[in-house]
Amino acid sequence: MIIGGSASQALAGEVAEKLDEKLCHVETKKFPDGERYYRIKDEIAPDERVIVVQSTGYPQDENMMELFFILDTLSDMNVEDIIVVSPYLGYSRQERRFKDVECISAKATARLIQAMGAKRVISINLHEQSICDLYDIPVDNLSAMPAIAEYIAQTTEDKPVVLAPDKGAINFAKEIAEVLDTDYDYLEKVRLSPEVVETKTKNISIDNRRVVIIDDIISTGGTIVNAIEILKEQGATAVDVYCVHPVLVNDAILKINAAGADNLQATNTLKSEVSGISVAQTIAQHIKSL
Ligand code: R5P
């Protein structure tokens, strides 16, 4: 049985279809004061495996709370085999302490998700692999790169250079470039003098080439806008932007388009107007392998 939280109903439906499993009928609404209501309308046998699909991005607290309501209701139904699929796992950015006695919010949410009855967590491109260690249950950190690469292969005629906007994202670029059988690189800041910093590709020239930029998250769009401007200056013929999690705060899409992006696409780990690449197959395939 697959249960979708309100942040991931459509994705839950796709996963159910791919697994040939039933999508549970639920009722979910918000009371006038903002509190959530959740009801599971189908019968679920206690020995049935239940997969709860709920991203916990913005509004994080509300989506996280709804996830807890689903888990608590399943526990009242004596269901034990519960897998939480949270394609975008909120509160993942603080997975360690940067200053004294800060709350490690990724750890706090990990403890809550476990306490509410999850026996396994599946997510996509977690902000840090070390987040898995905050749990005492198995956590599977899947990659959306094969799905993104497949989309690029189907929609792009020229052979692009795949570029990470910084060194931290180089493995994403590598993963995509390997599928597309092309080259990859990252943007590096070089200090030319105490006053002058130049950002350029580390190893290869992008002059007269189509460039694919790949990052895990686009939030304000600042990182990508900066990259697009530099790449266009350096002679890229086109710049296509891809990311896994389209957090897209405020007018990020507008800023990216205004900077000259030729394409902007993301996966549906979060709902957005550019979430055209589905991770349903990635999730379903993994669940089949368990
Ligand atoms: C950083 O660790 C991430 O990989 C992204 O580069 C970052 O979250 C993007 O943020 P923004 O869109 O606000 O520049």
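## Gln114, tucked away

Gln114 counts as buried because its relative accessibility is 18%, and buried means under 20%. Keep in mind that this is a predicted model.

As for its setting, Gln114 sits in helix H3, which covers residues 105–115. Setting aside neighbours within four places in sequence, Gln114 touches Leu134, Tyr135, Asp136 and Ile137.

## The largest pocket

Now for the open spaces. The largest pocket holds about 550 Å³ of space. It's lined by 31 residues, and the ones closest to its centre are Gly57, Tyr58, Tyr88, Val247 and Leu270. Helix H2 (60–76), strand E6 (120–124) and strand E12 (238–246) are the elements that give two or more residues to that lining.

What is the lining of the largest pocket like by class? You'll find 16 nonpolar residues there, along with twelve polar and three charged ones.

## The second largest pocket

Next up is the second largest pocket, with a volume of about 380 Å³. Here 22 residues form the lining, and His127, Phe172, Asp215, Asp216 and Ile217 are the closest to the centre.

Which element gives the largest share of this second lining? That's E11, with four residues. Strand E11 spans 210–218, and along with strand E7 (139–142) and helix H6 (222–233) it's one of the elements that each supply at least two residues of the lining. By class, the second largest pocket is lined by seven nonpolar, ten polar and five charged residues.

Note on methods: Residues are numbered from 1 along each chain as its sequence is written. This is a predicted model: local features need pLDDT of at least 70, side-chain atom pairs count only at pLDDT 80 or more; totals for chains, interfaces and linings use all residues. Side-chain values use heavy atoms; hydrogens and water are left out. On a 1 Å grid over the protein atoms alone, a cavity is a set of points where a 1.4 Å probe fits but cannot get out, and a pocket is an open set with protein on both sides within 12 Å along at least five of seven lines; lining residues have an atom within 4 Å of a point. Grid points are joined across faces, edges and corners, and a volume is the space filled by probe spheres set on the points. Ala, Val, Leu, Ile, Met, Phe, Trp, Tyr, Cys and Pro count as nonpolar, Asp, Glu, Lys and Arg as charged, and the others, Gly among them, as polar. Buried means under 20% relative accessible area, exposed over 50%, partly exposed in between (1.4 Å probe, protein chains only). Contact means heavy atoms within 4.5 Å.
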